[in-house]
Amino acid sequence: MSDTPLAALEERARADRAPAADEALISCDSLVRIFRTDEVEVQALQGLDLHVTEGELTALVGASGSGKSTLLGILSGLDLPTAGRARVAGHDLLAMGRRERLDYRRRTIGFIWQQTGRNLLPYLTALENVMLPMKYTRVPRRHRAARAEELLGTLGIGYCRDRRPGEMSGGEQQRVAIAVAGANEPRVLLADEPTGELDTASGTEVFTALRRANEQLGATVLVVTHDAQVSGQVRRTVRIRDGRTSTETLRGDAETAEEYAVLDRAGRLQLPREYVTTYALTRRVRLTPEPDHIAIWQAPSEEEPPPPPQ
Ligand code: ADP
Ligand code: MG
């Protein structure tokens, strides 16, 4: 048996090693996306790490301009990162060829945009909109209507089946959009501020539909939201700051919420800013391993005189 706290820790880490990042359905490591326009360079993602297990419903929050849409653009296969690593359901997003990318976008992921007008074709009914993606994946014609109908029912908008987008409320259109995104049974649903243009009541209904897509259709859902109410309803909230994942909140059953920092592959850890301020941490901190945790102390500054000789 081990006799030092550190050895005990190492032993336990070996025994219940966390699943490898490769086992996550979505895994991003040190993801970088630089936009170059004429003279200007914008680092939208600056080494972002994110791992999502299959079946999770995760909220992604962060200030405007922090890189949320950029991340979703990459995960949806629309955009390519400048550097780093991104894998979704076994696909390497940096190495996909044209055919694989097309197939990935049609079958593996479903996408819901914030702008209601962008999700649906205005001249098709809700049912026809939901049937359309199945045409591209060659679902036999006779199965399309039945599956579309079932999806609309599951998401609580069966009554909209014969309406065109202009005859539905914003919330109803977004719920139909979730059905469209889910038409080909994607493993991942990505939604970029899907409730951003809606009032609170419709926003709640859209969120309920996303939750059903997660629980009943089995899709792993990643939803960008500004809505504190929404992030209050999900188990896991990931916060992005300056193109990096900064902290995570995991919510338990009994209204408990715990704050987590993200550890990247290299073991780097970013402390939440309020801890750095509150404990006046600067430059260098001392780590002391304890049996079940590690303590962080402010190291004495270098200007201080060395301790007197014994
Ligand atoms: P968020 O969705 O969190 O508001 P974005 O991912 O849209 O943030 O943007 C992150 C940063 O990248 C912003 O500074 C934005 O201006 C910049 N950006 C996003 N897309 C482009 C683009 N196509 N060209 C140049 N800069 C972009
Ligand atoms: Mg955005």
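This report describes a predicted model of one protein chain with a ligand.

## Overall composition

The protein chain contains ten helices and 13 strands. Of its 310 residues, 42% are buried.

Among contacts with a separation of 6 or more, 62% involve residues 24 or more positions apart.

Which residues are found around ligand 1? They are Phe-35, Val-42, Ala-44, Ala-63, Ser-64, Gly-65, Ser-66, Gly-67, Lys-68, Ser-69 and Thr-70. Sorted by class, this shell consists of four nonpolar residues, six polar residues and one charged residue. Strand E2 (40-52) and helix H2 (68-75) each contribute at least two residues to the shell. The largest share, three residues, comes from H2.

A polar side-chain atom of Thr-70 is 2.5 Å from an oxygen atom of ligand 1, and a polar side-chain atom of Ser-69 is 2.9 Å from an oxygen atom of ligand 1. In the case of Ser-66, a backbone N or O atom lies 3.2 Å from an oxygen atom of the ligand. On its own, ligand 1 has 560 Å² of accessible area, and the protein covers 62% of this.

## Helix H2 and the residue that follows

Helix H2 is largely enclosed by the rest of the structure, because seven of its eight residues are buried. The buried residues of H2 are Lys-68, Thr-70, Leu-71, Leu-72, Gly-73, Ile-74 and Leu-75. Just after H2, Gly-77 adopts a positive phi of about 80°.

Ser-66 belongs to the loop between strand E3 (57-61) and H2. Is Ser-66 buried or exposed? Its relative accessible area is 5%, which is under the 20% limit, so Ser-66 is buried.

The side chain of Ser-66 reaches the backbone oxygen of Ala-63 at 2.6 Å. When residues up to four places away in sequence are not counted, Ser-66 touches Ala-44, Ile-240, Arg-241, Asp-242 and Gly-243.

Although Asp-242 is not a glycine, it has a positive phi of about 50°. Its relative accessibility is 49%, so Asp-242 counts as partly exposed.

Asp-38 is not a glycine either, and has a positive phi of about 45°. This residue lies in the loop between strand E1 (26-37) and E2. Asp-38 counts as exposed because its relative accessibility is 81%, which is over the 50% limit.

With a relative accessible area of 2%, Val-234 is buried. How far is the C-alpha atom of Val-234 from that of Leu-57? The two atoms are separated by 6.7 Å, while the residues are 177 residues apart along the chain. Leaving aside neighbours within four places in sequence, Val-234 is in contact with Leu-57, Ala-59, Phe-207 and Arg-251.

Pro-291 provides another example. This residue is found in the loop between strand E12 (285-289) and strand E13 (294-298). Pro-291 is exposed, with a relative accessible area of 55%. Its C-alpha atom is separated by 9.3 Å from that of Ala-7, a residue 284 residues apart from it along the chain.

## Cysteines and disulfides

A disulfide is a covalent bond between the sulfur atoms of two cysteines. How many disulfides does the structure hold? The number is zero. Two cysteines may be noted here. Cys-28 has 0% relative accessibility and therefore counts as buried. Cys-160 likewise counts as buried, at 0% relative accessibility.

Technical notes:
Residues numbered from 1 in each chain as written. Chains lettered and ligands numbered in written order. Predicted model: local features only at pLDDT ≥ 70, side-chain atom pairs only at ≥ 80, totals over all residues. Heavy atoms only, no water. Helix = DSSP H or I, 4+ residues; strand = E, 2+ residues; numbered from the N terminus. Buried < 20%, exposed > 50% of the residue type's maximum accessible area, 1.4 Å probe, protein only. Contact = heavy atoms within 4.5 Å. Near = heavy atom within 4 Å. Polar contact = N/O pair within 3.5 Å; in protein donor to acceptor, adjacent residues only side chain to side chain. Areas by Shrake-Rupley, 256 points an atom, 1.4 Å probe, with all protein chains shown as cover. Nonpolar A, V, L, I, M, F, W, Y, C, P; charged D, E, K, R; others polar. Disulfide = S-S within 2.5 Å.
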